[in-house]
Amino acid sequence: MTIGWRYLLRRILVSIVLLWLLSIITFAIYFAIPQEPAAFLIDPQHATPAMIEKAHKQLGVDKPVTTQYGKFVWRALHGDFGVAFSGLSYNAQSELEGTAVGAEVIRAAAVTGWLALGGIVLVILFAIPAAMAAASRVGSWLDKTLLAVALIGISTHPIVIGVVLQTFVGNRWHVTPPGGYCPILDSASAVFDPLATHPEVCGGFSDWASHMILPWITFALFFIALYMRIVRVRLLDVLGADYIRAARAKGAPESRVLRRHALPNTIPQLITMMGMDIGTAVGVAVYVETVYSLPGLGRLTLGAIRGDAGFDLPIIIAVVMIVGAAIIFLNLLADMVLAVVDPTIETRAPRRAQATGGVV
Amino acid sequence: MATVEGIAGPVPAGRPAGAWTIAWRRLRRDKVALASAGVLILIILACFGGAPLAAKLVGHGPDDLFPYAQSSLKPVGLWSHVPDTSITESLDPLAPPPTKYGTTLFVLGGDGPLGRDEFLRVLYGGRVSLEVAIGAAFLAVLIGAVLGTVAAYFGGVVDSVISRFIDLVMAFPLLLFLVMVGYTTVGNRLSRYTLHGLFSPGVLALIVIIGAFTWFYPARIVRSEILSLRRREFVTAAESTGAGDPWIIRKHLLPHVAPTLLVWGSIAVATNIMLEAGVTFLGAGIKIPTASWGTLLASTWGTVANPTGYNPATFSAWPTLAPTGAIFITVLAFNQLGESLRAVLDPQAIR
């Protein structure tokens with residue numbers, strides 16, 4: 001029921017070390033790959049060595065790797081992730097100006113966050129009732145239909161689901177916009193959609209929601225199918241237990257047995273699964289953002305990786321850090337919630353927790 | 001002596017049925033598992049043996065171009081005869097196509113503006129996709145089993161180091177790293193290794209990268225299973241007879257973990273097929289014109305770097321349906337096989 005403070009402290013310390021290692025590895029991969037960052041400022045094919053040297057100096061890549069890394073850590077600790085390599089331009093004082101990575105990554109993270117949040121709400125709204133309906137009538141046509149739909153859901157590629165929904169619902173039937181993103185707060189701004197022929201202006205809650213419906217459905221379908229199967233199997237396990245027989249014997253209606261007695265016992269496993277699936281969710285989010293041209297973290301990184309001039313290090317490292325931190329934090333959160341809802345888990349004895357490999 | 005006296009009467013002499021024999025007996029009664037296995041064998045035969053055979057029968061390869069394989073901008077449909085030429089003979093788009101009909105686009109028709117044979121490409125693409133998926137799952141199981149066993153068996157500092165390493169790899173956004181490595185010269189250099197033409201370009205690179213970022217999952221499973229097996233009496237008994245560490249691991253521990261790894265491997269193959277298609281769609285996996293189920297989707301819908309988008313004038317369902325169907329059936333079969341294996345290999349199962 002309670003969380004041991006020493007255990008929590010140890011987990012947080014380990015998380016910080018993990019993030020630090022993550023940044024080192026990203027830097028190492030970046031500098032292990034031969035490339036010419038000067039290409040962001042000049043055309044290296046037609047430049048003199050002096051021009052390339054000047055470009056390196058302006059980008060800050062002329063110093064040794066360790067110095068650059070130290071500078072990155074120092075600035076990151078102060079909440080500053082530097083300036084992106086791409087989109088740099090000279091201002092009137094012939095100084096370099098560019099977009100601040102921190103603000104850009106936060107803007108993109110908000111889009112991905114909205115996508116994931118709406119998707120999770122859909123998963124909980126649909127997966128659990130479907131699993132309960134299937135488990136309450138095992139072997140019925142309803143159970144079989146739901147299982148077949150779930151099987152189709154986990155065996156179809158999210159990209160295909162996205163493209164099909166976009167083609168039919170968006171492009172042919174014009175029910176929702178086929179792609180693009182509208183900010184939820186601003187009253188008017190241009191739709192972000194590289195495929196759009198006519199730029200529209202939109203904003204506000206209803207525009208935002210109509211642009212997000214298809215992405216949410218696409219994101220959620222795969223996980224609804226996955227979690228429906230898991231919760232159903234777990235419910236069937238639990239329904240055979242003695243305390244369920246006791247509840248039925250005292251005359252509790254079947255719906256109450258399912259809702260109040262069986263369902264709570266599936267929650268710990270659900271949380272464990274959610275913690276382990278965060279990595280997968282990031283991947284699915286990248287697909288969804290790509291199909292629907294949402295300006296989220298996935299698209300931001302893809303743009304930074306596949307740019308003509310090469311890797312945009314400041315953006316890549318900021319995204320890797322924020323996604324890594326999210327995965328680590330949500331895993332920690334899942335373990336903490338698990339420790340609260342599952343009384344059989346003990347976090348007060350770190351020695352024993354270590355022997356069984358952490359909480360889960 | 002044929003029988004010995006057991007508690008409940010005579011029992012057959014000799015060795016009792018082993019775990020694998022029991023599992024095999026149960027598997028033979030599981031219709032879904034048998035169907036999945038049958039479908040998978042058919043798919044593997046069709047992709048590895050059938051693809052060259054089909055190419056020989058129709059007389060052209062999967063990469064051959066047929067610019068006349070379209071009618072009013074859409075790729076030709078099922079079972080069409082098209083002029084057997086890879087060059088457009090007249091610059092005037094309204095000029096009639098050459099009348100000499102040479103080849104048949106077998107079953108599935110063309111794949112878009114280039115008019116390649118979609119059926120052959122699905123078969124050859126399956127070869128590449130399956131090689132990537134099975135190879136990467138095998139590599140992940142191999143690394144995961146070794147590291148997981150070492151961590152759990154030796155414990156202490158070794159365990160701490162490996163466990164933190166597992167946490168680290170887990171925190172990596174896998175897809176972003178796949179794309180990052182895929183776009184680089186490192187990825188390009190890796191792509192050139194084909195083991196003397198055994199694999200298509202890019203296959204080995206994807207196997208290594210996917211395997212290197214997904215091994216943490218089997219490693220976690222193996223570690224937790226061996227941790228609990230380690231303290232059981234039969235291991236202590238083996239230790240007391242003077243058995244060495246390698247012997248105990250090989251003969252007493254790994255056989256217990258093998259079923260779980262088999263189940264994970266089967267489901268991982270399904271996931272990897274999806275991953276190959278996804279990475280290729282993101283522009284970093286197998287490169288067009290090499291056929292894979294991912295590049296087939298990408299040549300219809302474009303990649304991130306080069307999106308095609310929806311165009312009602314050129315849209316045709318076949319080039320999307322064919323690879324999607326292939327991915328769907330294969331992933332479904334591997335998932336179902338994995339679930340069935342999990343059921344039949346579970347010693348606690350009542351059936």
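Reader: Which residues touch the most other members of the largest nonpolar core?
Author: Keep in mind that this is a predicted model. The core holds 164 residues, and helix α3 (residues 118–154) of chain B gives the largest share of them, 17 residues. The ones touching the most other members are M228(A), L178(B) and V179(B).

Reader: Okay, and what is M228(A) in contact with, leaving aside its neighbours within four places in sequence?
Author: Contact here means C-beta atoms within 7 Å. With those sequence neighbours left out, the partners of M228(A) are A127(A), A130(A), A131(A), L146(A) and A150(A).

Reader: Why is helix α12 of chain A described as largely enclosed by the rest of the structure?
Author: That helix covers residues 297–306, and its buried residues include L297(A), G298(A), R299(A) and I305(A). Their cover includes α4 (101–136), α11 (278–291) and α13 (313–341) of chain A, plus α5 (174–183) of chain B.

Reader: How many residues of each class are on the side of chain B that touches chain A?
Author: The contact takes 33 residues from chain A and 38 residues from chain B. Elements giving two or more residues to chain B's side include α5, α6 (185–191) and α10 (245–281). Split by class, that side has 27 nonpolar, 9 polar and 2 charged residues.

Conventions. Residues are numbered from 1 along each chain as its sequence is written. Chains are lettered from A and ligands numbered from 1 in the order in which they are written. This is a predicted model: local features need pLDDT of at least 70, side-chain atom pairs count only at pLDDT 80 or more; totals for chains, interfaces and linings use all residues. A nonpolar core is a set of buried Ala, Val, Leu, Ile, Met, Phe, Trp, Tyr and Cys residues joined through C-beta atoms within 7 Å. A residue is buried if 20 or more other C-beta atoms lie within 10 Å of its own, exposed if 12 or fewer, and partly exposed in between; C-beta atoms are placed from the backbone. Helices (H or I, at least four residues) and strands (E, at least two) are DSSP runs, numbered from the N terminus. Two residues are in contact if their C-beta atoms, placed from the backbone, lie within 7 Å. Ala, Val, Leu, Ile, Met, Phe, Trp, Tyr, Cys and Pro count as nonpolar, Asp, Glu, Lys and Arg as charged, and the others, Gly among them, as polar.
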